[in-house]
Amino acid sequence: MVSITNAHNDLIHDAVLDYYGKRLATCSSDKTIKIYEVDGENHRLIDTLVGHEGPVWRVDWAHPKFGSILASCSYDGKVIVWKEENGKWSQIATHAVHSASVNSVQWAPHEYGVMLLAASSDGKVSIIEFKEGRTSTPIVIDAHTIGVNSACWAPVCYEDVESDSSKPTKELRRFVTGGADNLVKIWKYDNDTQLYALEDTLNGHSDWVRDVAWSPSVLLRSYIASVSQDKTCVIWSQENNKGPWKKTEVQQEKFPDVLWRASWSLSGNILALSGGDNKVTLWKENLTGNWEPAGEVQQ
């Protein structure tokens, strides 16, 4: 196990490995991002990225087919895109359409191209696309009335075309948001208007939704985990990418403290939850459709 001590001068809010698990990006309230090279039990600081004017909440690596690219979001209302060229990291784009803290940033599945999703306390989410070194005009959506805490892309999947084999398969591009209005919302891309429309509103929490995570599994059933200030985790499931979403609580009793983050394994069958009690608990679905503990991590 790699242990990095004294990585930052203040609270660390996110730590993400790249696609190959060889590099680690961390971000902190000290307004910096640090890039580490990780090899077995050893690590080496490669660079410290300075550019944000407030705490940096999250970082996300782009798919390696686009190069060594990292996105970061901050309390300063900005998203910064960083790129490594010839061993040096530099800013290549700044996304500043939001008027309040940007709480979440995530690259789209690489099949969609170089596309970034951001969620802000101003109640809006934005989608920006990078083509041939240029940024497109952002799509900005009024998502949640009193702030968006998290947003997450769905994995790439395709809509069933009604028995007519002459019709081309239709790509189903969706993402999920969680807000300070206690709601979870599903958004779907409309190929005709080239905009995102609200597809579903899921009401299952009694306090702020802190994080939402769409399972990367591309099975017949879709899974979304939402965690909340109300100390609960809800699993939302949908059959065949259509119809109603079913609500299942991970456990009947509330968790000991506020839940902050939810994260799926790469295979999509293990869910990790972290919260204010400084524990990470692991969960998996059993054959009856209920969720049961699969382990715990304490540090």
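Colleague: In this predicted model, which residue forms a salt bridge with Lys124?

Modeller: A salt bridge needs a side-chain nitrogen of Lys or Arg within 4 Å of a carboxyl oxygen of Asp or Glu. For Lys124, the closest N and O atoms of the pair are 3.4 Å apart. The partner is Asp142.

Colleague: How many residues apart in sequence are the parts that this pair ties together?

Modeller: Lys124 lies in strand β11, residues 124–131. Asp142 lies in strand β13, residues 139–142. So the pair ties together parts whose separation in sequence is 18 residues.

Colleague: Is Asp142 buried or exposed?

Modeller: Exposed means over 50% relative accessible area. Asp142 has 62%.

Colleague: Which residue meets Arg58 in a salt bridge at 3.0 Å, N to O?

Modeller: The two side chains meet at 3.0 Å, N to O. The pair links distant parts of the chain, 153 residues apart. Arg58 sits in strand β5, residues 56–61, and its partner in strand β20, residues 209–214. That partner is Asp211.

Colleague: Are Asp211 and Arg58 buried or exposed?

Modeller: The cut-off for buried is under 20% relative accessible area. Asp211 and Arg58 are both classed on that side. They are buried.

Colleague: How does Glu249 count by relative accessibility, buried, partly exposed or exposed?

Modeller: Glu249 forms a salt bridge with Lys247, with the closest N and O atoms 3.9 Å apart. Lys247 has 39% relative accessibility and counts as partly exposed. Glu249 has 27%. So Glu249 counts as partly exposed.

Colleague: Which residues do salt bridges that share partners join into one network?

Modeller: The structure holds 15 salt bridges. Some share partners and join residues into one network. Its members are Asp14, Arg58, Asp211 and Arg261.

Colleague: How many residues of strand β2 are buried?

Modeller: Strand β2 spans residues 23–28 and is mostly covered. Arg23, Ala25 and Cys27 point one way, and Leu24, Thr26 and Ser28 the other way. All of these are buried.

Colleague: What is the bridge partner of Cys27 in β3?

Modeller: β2 and strand β3, residues 32–39, pair in the antiparallel sense over 5 bridges. Cys27 has its bridge partner in β3. That partner is Ile33.

Colleague: Which residue takes a positive phi near 75° in the hairpin of β2 and β3?

Modeller: This hairpin has 3 residues between the strands. In the hairpin of β1 and β2, Gly21 takes a positive phi near 70°. In the hairpin of β2 and β3, the residue with a positive phi near 75° is Lys31.

Terms used:
Residues numbered from 1 in each chain as written. Predicted model: local features only at pLDDT ≥ 70, side-chain atom pairs only at ≥ 80, totals over all residues. Heavy atoms only, no water. Buried < 20%, exposed > 50% of the residue type's maximum accessible area, 1.4 Å probe, protein only. Helix = DSSP H or I, 4+ residues; strand = E, 2+ residues; numbered from the N terminus. Pairing = 2+ DSSP bridges.
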